[in-house]
Amino acid sequence: MTVIDGNIASLSDNELVARSLEERAFFGELVDRYQAKLGRYIARLGVQDPDDRDDVLQDIFIKVYKNLNSFDQSLSFSSWIYRIAHNEAVSWYRRRKARPEGYLVADSEAVLALVSDDDLDRPEERFDRDIDAALLARELEKLDDKYRDILLLRYFEHLEYEQISDVLKIPVGTVGTLVHRAKKQLKKNLENLAIKT
Amino acid sequence: MSEMTDRRPDIKETILARLEREGITPRSRLYWLTHEYSLWGAWGLTVLFGALSLAVLSFSSVYMGYALYEATHENFLTFLVDSLPFLWLVAASFMILASFFNIRHTKNGYKYPVILVVGSSLGFSILGGAVLHYLGAGYYLDRFLGEMSDTYQSRLEFEARLWQAPKYGRLVGHAAPPDAVGAINGFVFYDIDERPWPMADSELGERESELLRSGRKVKLLFATSTVGGEEAFYACGVFPWMLDEVPAIAKYKESRAEFINRVEERRERFATVINNMKSKERPLGPSPTDMPITSTMAIEAVPIDSGPCGVLPLYGSR
């Protein structure tokens with residue numbers, strides 16, 4: 001393995017991809033950069049056990065490495081690696097036959113960001129006041145997969161519509177539609193819950 | 001969330017070690033290029049096959065025999081059900097769907113708006129289908145498949161089956177001069193199985209007689225009758241057979257215009273007869289026979305008030 005110079009941290013993702021194709025050691029830096037983010041992401045997608053998560057992460061990075069030549073430099077590397085992570089996580093819980101319940105950890109900051117987001121059709125005021133992050137997280141888990149995944153990428157991973165389009169391989173317009181519908185369904189569920197209580 | 005944000009420091013080393021140990025290398029650029037071009041190639045093929053399917057579909061639809069459906073079917077609906085080329089309809093739809101799937105799975109396929117993806121797949125197939133139809137590819141493919149496969153029925157075979165139905169007063173074939181077989185007051189019609197049918201031609205117009213005399217392959221409507229005290233077959237309508245060569249649109253239009261002129265005077269009469277038959281709900285045709293009159297046959301006398309062709313044994317597609 002050649003010695004990697006000290007400026008590696010200043011290299012962009014795309015530059016690191018190009019270097020990784022020449023020298024495997026550069027790939028380690030990409031692993032470093034995305035290990036934590038992807039770990040959180042796949043945990044939210046349902047891979048909760050730390051050992052399972054490590055296995056899935058390994059599979060993700062191995063796949064990323066194998067597919068480095070398919071990376072389109074016109075895309076953001078972040079979107080591309082999220083796509084692979086998403087597919088691997090989905091494959092993982094498909095192999096397990098079911099998506100585990102209670103996997104969406106109540107990340108109060110992210111959940112509250114979802115509620116207070118300017119895009120969101122604001123729920124009733126009482127709902128604003130009484131909202132409980134854990135409750136919201138639970139309702140998120142009850143959404144259809146396509147709605148839950150898109151809210152997760154938008155509000156938990158803070159990806160832009162275009163990036164989400166690249167991750168899920170759907171047109172940008174569809175992303176907007178799905179986000180809107182997902183929020184609408186979430187709001188409806190929460191209102192029903194408020195009426196019941 | 002803290003547990004999940006903890007970095008597990010050995011992951012990087014584990015991965016690099018595994019890459020080393022298992023000798024994993026990135027798949028070559030050529031592999032991905034081939035993958036991408038394969039999808040585009042598959043898209044091109046599905047568009048091409050879609051276009052071919054549409055060409056056969058349009059050929060089969062254009063030359064379905066709308067003009068004479070009353071002669072072969074009870075009504076337009078049964079005619080459509082019997083004649084529409086469903087196989088090609090399904091094939092064209094499948095190909096268009098497959099081309100949509102292929103383009104969607106190219107590297108940037110997901111970025112294109114649905115309308116563009118559907119539009120290009122459908123548009124190119126339709127455009128290609130129109131060009132191929134114009135070139136006669138639909139006719140050739142249909143005929144080729146009919147000749148090559150026992151299970152596929154080409155439009156040519158379908159039309160022949162529909163019109164070679166003596167029991168219902170329909171024949172396909174050509175006429176021979178009267179003196180060839182010695183028919184009296186008429187001509188001898190040889191069907192596609194080369195069976196001779198002596199026919200009286202008193203009901204035919206000048207144009208129809210001319211078409212018969214040309215010796216070309218034609219479709220013939222006939223009736224049995226004892227008008228004049230003598231049992232005989234009467235030719236009631238003669239129509240050109242157009243499926244032995246590529247039926248070019250211009251030629252088809254020309255033939256159709258000619259055909260319309262020829263049968264216009266008879267059409268009204270046929271329609272009246274058909275309506276009468278339907279209202280009486282009587283069984284098909286008088287004395288249906290599958291055999292030419294070359295031997296003694298008992299032919300039921302038909303009450304005729306409008307000439308031998310007044311009651312035609314119309315429809316019945318088999």
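Tutor: His158(A) lies in the loop that joins helix 8 (145–156) and helix 9 (161–168) of chain A. The model is predicted, and every value below is computed from it. The phi angle of His158(A) is near 55°, a positive value in a residue other than glycine. His158(A) has 10 other C-beta atoms within 10 Å and therefore counts as exposed, the cut-off being 12 or fewer.

The next loop, between helix 9 and helix 10 (172–196) of chain A, holds Lys169(A). Phi of Lys169(A) is also positive, near 55°, again in a residue other than glycine. Lys169(A) is partly exposed, because 16 other C-beta atoms lie within 10 Å of its own.

Now to the packing of the helices. Two packed helices are described by the angle between their axes and the distance between the axes. Helix 1 (residues 13–22) of chain A packs against helix 2 of chain A at an angle of about 145°, and their axes are 7 Å apart. This crossing of helix 1 and helix 2 of chain A is left-handed. From helix 1 of chain A, the contact uses Asp13(A), Leu16(A), Arg19(A) and Ser20(A), and from helix 2 of chain A it uses Phe26(A), Phe27(A), Glu29(A) and Leu30(A). By class, the residues of this contact between helix 1 and helix 2 of chain A are 4 nonpolar, 1 polar and 3 charged.

Helix 2 of chain A also packs on helix 3 of chain A: their axes come within 10 Å and cross at roughly 135°. At that angle, helix 2 of chain A is oblique to helix 3 of chain A. The crossing of helix 2 and helix 3 of chain A is right-handed. On the helix 2 side of chain A, the residues are Phe27(A), Val31(A), Gln35(A), Leu38(A), Gly39(A), Ile42(A) and Ala43(A); they meet Arg53(A), Val56(A), Leu57(A), Ile60(A), Phe61(A) and Tyr65(A) of helix 3 of chain A. The residues of this contact between helix 2 and helix 3 of chain A comprise 10 nonpolar, 2 polar and 1 charged. Phe27(A) takes part in the contact with helix 1 of chain A and in the contact with helix 3 of chain A.

In soluble globular proteins, nonpolar side chains tend to be buried together. Here the largest nonpolar core has 47 residues, and Leu38(A), Ile42(A), Ile81(A), Ala85(A) and Ile150(A) have the most contacts inside it. Elements giving two or more residues to this core are helix 2, helix 3, helix 4 (77–95), helix 7 (133–142), helix 8, helix 9 and helix 10 of chain A, along with helix 2 (10–21) of chain B. Helix 2 of chain A supplies the largest share of this core, 9 residues.

Finally, the wider setting. The contact between the chains takes 28 residues from chain A and 23 residues from chain B. On the side of chain A that touches chain B, helix 2 (25–45) and helix 3 (50–66) of chain A are the elements that give two or more residues. Helix 2 of chain A gives the most, with 8 residues. The residues on that side of chain A divide into 12 nonpolar, 8 polar and 8 charged.

How values were computed. Residues numbered from 1 in each chain as written. Chains lettered and ligands numbered in written order. Predicted model: local features only at pLDDT ≥ 70, side-chain atom pairs only at ≥ 80, totals over all residues. Contact = placed C-beta atoms within 7 Å. Helix = DSSP H or I, 4+ residues; strand = E, 2+ residues; numbered from the N terminus. Nonpolar A, V, L, I, M, F, W, Y, C, P; charged D, E, K, R; others polar. Buried ≥ 20, exposed ≤ 12 C-beta atoms within 10 Å, placed from the backbone. Axes fitted to C-alpha atoms, helices over the stretch in contact; angles between N-to-C directions. Left-handed = near helix turned anticlockwise from the far one by under 90°. Parallel < 35°, antiparallel > 145°, perpendicular 65-115°, else oblique. Core = buried A, V, L, I, M, F, W, Y, C linked by C-beta atoms within 7 Å.
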